[in-house]
Amino acid sequence: MKVKPKRILAGLAAALALTVTTALAGPVAPRAAADDPAAVMKVAITTDIDTFNPFQAILASSTAILRFQYESLVTWGTNNETVPGLADKWETSPDGKTWTFHIPEDRKWSDGKPLTAEDAAWTFNAIKNDNKLQQANGGLVENVASVNVKDPQTLEIVLTAPQAANPGGELPIVPKHVWETVDAATYENDTDTVGSGPYTIKSYTQSQSVQLVANPNFWRGAAKLSGLTWVYYKNGDAAVQALKTGEVDIVSGLTAAQFESLKTEQGISTVTGAGRRYSSIAINPGTIDAEGKPMGDGHPALKDPVLRKAIMMAIDRETLFDRVLHGLGKLGETEMPTVYPQYYGFAPGTEAYPYDAAAANKALDDAGYAKGPDGIRLDKEGKPLKLRLMGRNTEPSHQLIADFLKPWLKEIGVEITVSMVTPQQVNDDSTLGKYDLYFTGWGIGPDPDFQLSINQCNSRPNADGSGNTSENNWCDPEFDKLYQAQHTEQDPAKRGEIVKQAFSMIHESGVNMVLWYADSLEAYRSDKFTGFIRQPEGQGPITGQNSYWGLYSATPVAAEGEPGAPGATGGGVPGWAIGVGIAVLVVIAGGAVLLVLRGRRTADDRE
């Protein structure tokens with residue numbers, strides 16, 4: 001951000017002091033007037049919202065918006081490094097079990113009330129002590145023995161065992177004075193909300209819009225936009241058309257064809273970002289609830305890993321990557337994307353299942369799945385292997401992939417019927433085990449602990465779908481041992497190898513075939529907004545980040561010749577995006593001083 005020149009010599013000392021203070025505390029940006037239409041950015045959305053209750057929210061669309069409202073004790077910086085959030089510093093005991101977080105006295109909620117250690121303790125303990133509040137983040141408190149308030153600014157988290165992941169990360173802290181007065185399990189949290197992040201939810205109209213307003217008390221400084229509004233569209237094509245006409249300002253999740261069509265549009269810029277999400281085909285291994293009882297209606301034959309692996313060998317991922325994704329991404333291995341190199345890739349001895357229909361057929365022949373007269377194999381009870389494939393009706397690629405899958409699977413004697421339904425139904429049915437195969441995907445954070453945790457045996461949900469969240473409703477005690485080993489391993493290199501072993505075990509089980517890590521394809525009205533910070537810087541996306549940097553950093557395009565305007569000095573790039581450094585240029589001309597300040601800037605999502 002560029003600050004208008006200060007031409008009063010007497011104010012130089014004060015300006016320099018302000019510069020230092022700003023660099024230490026975070027950027028303080030001038031906020032646009034609330035009644036200025038240019039100060040509100042409209043964001044296209046084509047997927048369902050499950051809830052804005054942070055204890056329950058699972059869908060990526062919901063959690064992405066909630067990242068703007070609630071901070072964790074620590075958050076993810078612009079290069080996915082751990083940086084201060086609500087806490088400005090923290091330390092651990094020599095045995096690694098006690099973590100102490102310090103919350104500055106200047107932290108406030110959006111309603112002006114002080115934000116203290118009491119809020120953080122209430123949030124942790126609410127999840128830990130109430131099974132109904134564990135759906136979204138129960139795994140994050142699994143290793144927490146106790147949470148204690150030492151004083152209003154000091155929080156102590158005692159763990160049952162040392163862990164590699166910072167226990168203050170990922171968990172959104174909510175205001176105690178709001179949530180202790182409501183039923184936290186059912187509170188909708190979608191009107192005139194209170195938060196700690198750069199924006200808070202003002203209103204939500206289902207299938208129409210979500211309105212956020214800037215938080216004037218955000219500790220890094222109020223956002224330069226007065227608001228963000230998510231606007232619903234039935235599909236991506238409608239959202240793209242709205243971008244072209246100026247009805248919305250930014251669209252993400254573009255298909256390759258949509259992305260290419262926008263490259264030459266006047267006033268629109270396109271962005272290709274390295275994705276942090278994996279896309280996959282999940283195969284039902286026989287879902288079981290938290291009490292060990294069968295749930296759902298998955299085909300019983302899929303309990304056999306031989307059948308699951310044969311299905312995976314019948315799928316030509318490289319063809320799908322080229323024909324559906326147009327090569328815009330990376331071919332998948334495990335669930336950890338390439339943006340996290342220390343955890344990406346198979347463990348030694350594990351490889352991707354090859355596309356080999358002949359080998360798949362032989363495996364099924366050897367396992368006793370005989371073919372009927374119509375070429376469809378029979379299960380062990382003599383019933384045809386007819387399976388259901390479920391996808392989202394808002395995602396064009398799902399139908400495209402399904403069109404390839406039908407003949408490929410028929411080649412090995414498996415018939416599939418395809419059903420494209422709403423994202424909410426995909427979420428509900430997959431949680432309850434009402435599927436055979438379905439398209440899925442998760443956004444992965446920089447630390448793998450959460451994603452691994454939801455594959456443990458104890459992550460299975462209750463019979464009604466409440467309680468814990470399971471990625472695949474798959475359970476193996478040997479995997480649980482690997483999870484615990486990486487959870488407590490303090491050596492980064494050793495932990496990385498254990499993580500790869502754990503993810504490779506999921507792959508080898510045949511419950512989740514990772515297709516790819518798609519690039520994040522986005523486009524925005526560059527004639528209206530500028531200054532977006534990507535995560536990781538220079539190569540990541542604007543939206544769908546592990547934190548809020550992308551839209552928090554956005555700035556309205558100024559009039560020609562004004563600071564921040566295209567062609568003006570600074571080119572519209574916010575100065576606080578170039579790290580902690582502060583550049584102070586003092587030009588003495590005719591007894592005047594020109595001071596130019598530059599500040600700094602320092603986050604699953606299930607589909």
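User: Rings of Phe, Tyr and Trp (its six-membered ring) pair if their centres lie within 6.5 Å. Which residues form one aromatic cluster?

Analyst: F218, W219, Y548, W549 and Y552. This is a predicted model, so to speak of local features takes pLDDT of at least 70 and side-chain atom pairs pLDDT 80 or more, while totals for chains, interfaces and linings use all residues. Numbering runs from 1 along each chain as its sequence is written, and side-chain values use heavy atoms, without hydrogens or water.

User: How many aromatic pairs are there by this rule?

Analyst: The count is 17. In one of them, F55 and W179, the ring centres are 5.3 Å apart and the planes at 80 degrees, so the pair is edge-to-face (planes over 60 degrees apart; under 30 is stacked, the rest tilted).

User: Where do F55 and W179 lie?

Analyst: F55 is in the loop between β1 (40-45) and α2 (60-66), and W179 is in helix α4 (residues 176-179), so the pair ties together parts 124 residues apart in sequence. Helices (H or I, at least four residues) and strands (E, at least two) are DSSP runs, numbered from the N terminus.

User: Are F55 and W179 buried or exposed?

Analyst: Both are buried (under 20% relative accessible area with a 1.4 Å probe, protein chains only; exposed is over 50%, partly exposed in between). Y524 and F532 also form an edge-to-face pair, 4.6 Å centre to centre with 65 degrees between the planes. Y524 counts as buried at 14% relative accessibility, and F532 counts as buried at 14%.

User: Switching to helices: which residues of α13 meet α14?

Analyst: E478, F479, L482, A485 and Q486, where contact means heavy atoms within 4.5 Å. Their partners in α14 include R495, I498 and M505.
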